[in-house]
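Hi,

Here is the structure I promised to pass on.

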Amino acid sequence: MVEVKLHDIGEGMTEGEIIHYFVKAGDTVTVDQPLLEVQTDKMVAELPSPASGKVKNIIIDTGDTVEVGTTLLVLETEEVKAAESKGEKLLTELSSEKVEELPTTSNQADAVAQKTEKRFIIAAPYTRKVARKFGVDINEVTGTGKSGRITVEDVHQFVKKRDEESSLEVRQEMSSQVSEEEAELKYHIQRQGAQNEGKETMPFRGRRKQIAKKMTKSLYTIPHVTHFEEADLTELLAYRNDLKEMNMNVSVAAFFIKAIAVALKKFPVFNAKLDEENEVICLEKEYNIGIATDTEEGLIVPVIHHADRLSVSQIHEKLKELTRKAQEGKLTMDDMRGGTFTVSNVGPLGSIGATPIINHPETGLIAFHKTKKMPVVKENDEIVIRSIMTMSMAFDHRVADGATAVAFTNRFKYLIENPKVWPIELA
């Protein structure tokens, strides 16, 4: 027997929620065949089969959250089957009784073969997630991709056909009892009544539940302090427009991330993690910037690794790639691990301020809010219109003090307010 246990599939993972099984008791599986999906605090991952054999027993139910090391299901391997078969043969030889085997009809043989036949499904995790969203059994979908791979379009076509058939059946049944107009009225009345019955609820599980756990841990572990600041983006926006005219389209967020990486080098205390057990503050040697990204499934934080070594244009391309993968549910564990500092660009959504929660176990997080044109009084009392952005920085007060946080944001502010100094400052 082989016990399939929940193992650590990401840094610092302690538990996971079982969200879906691809197999059931009695199914035959091969090595590396996906057995189930588990939701961690960062992503959804598949657990493959460590051996070939048959699923003997599924121990943990879908929806349960268990700790790393918990046995999820048990496999009966080929070696076990061979040993059992050898033992049964020995018992038969020792027995004095002769057991006459009944003949099997061709129909019975076909039924047995059909029951034991296992179709191996080729489909990406995102495709499987879409199938579950629409209540589709992935085994019923015919794949049109390479080697029979099931695509998202295959699932959508299956849903469309299913809904059309279901709608036709409903209309035929209702029309046999009442007129079409009466049936339509009855349908809407019943539907409205069902919607109004009781309170509306939504499930609290999966990524939403994992986000809640991590935010709660962060908020009740780290003494948060939030520092607010404003930055004048007028020169940076003008510089970006000049680049556009040269067919060099780079997002403002890419400039922000590069400036953060540069500022962290001068204030490494914010690129650190507190080890309370050993009573040390670990200053990270890599500058890996996490990007808080909003998806349909909730907040997720992919990471731009070695941001200090990348150009602004390279950061821009990496940012686009990670955002696309996050929206499509295609982020890998490598895309998620190793973050040392997190940024959240909520300005495009219209935010003017917030007190963000730190991405534990990091030390700081900075959020960029809405940029708007405002009248600004210059030193000679001249009033000018400038593009002003608000930002808020949350930091761990156990690791750093307010004065250091102000100095850090001032360094960042100086860089983005003066893009002309970058060739000198970033050399």
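A quick definition before the details: I call a residue buried when under 20% of its relative accessible area is left, exposed when over 50% is, and partly exposed in between (1.4 Å probe, protein chains only). Bear in mind that this is a predicted model, where local features need pLDDT of at least 70, side-chain atom pairs count only at pLDDT 80 or more, and totals for chains, interfaces and linings use all residues. Residues are numbered from 1 along each chain as its sequence is written, and side-chain values use heavy atoms, with hydrogens and water left out.

Helices (H or I, at least four residues) and strands (E, at least two) are DSSP runs, numbered from the N terminus. In α3, the buried residues are Thr127, Arg128, Val130 and Ala131. They sit on the same side of α3, because they cover an arc of only 160° around the axis (the arc is that of the directions from the helix axis to the C-beta atoms). After α3 comes Gly135, with a positive phi near 70°.

α3 also matters for the second largest pocket: it gives the largest share of the lining, 6 residues. A pocket here is an open set of points on a 1 Å grid over the protein atoms alone, where a 1.4 Å probe fits, with protein on both sides within 12 Å along at least five of seven lines; lining residues have an atom within 4 Å of a point. The volume of this pocket is about 1,000 Å³, taken as the space filled by probe spheres set on the points, which are joined across faces, edges and corners. Of its 36 lining residues, Gln39, Val44, Lys129, Arg132 and Glu297 lie nearest the centre.

α6 (206–221) is among the elements that supply at least two residues of that lining. Its buried residues are Gly206, Arg207, Gln210, Ile211, Lys214 and Ser218. They fall on the same side of α6, since their arc around the axis is only 125°. These buried residues pack against β2, β4, β9 (224–232), β13 (293–295) and β14.

Now for a strand: Thr77 is in β8 (residues 71–77). Thr77 counts as buried because its relative accessibility is 7%. Setting aside neighbours within four places in sequence, Thr77 is in contact (heavy atoms within 4.5 Å) with Val2, Ala51, Ser52 and Gly53.

Cheers
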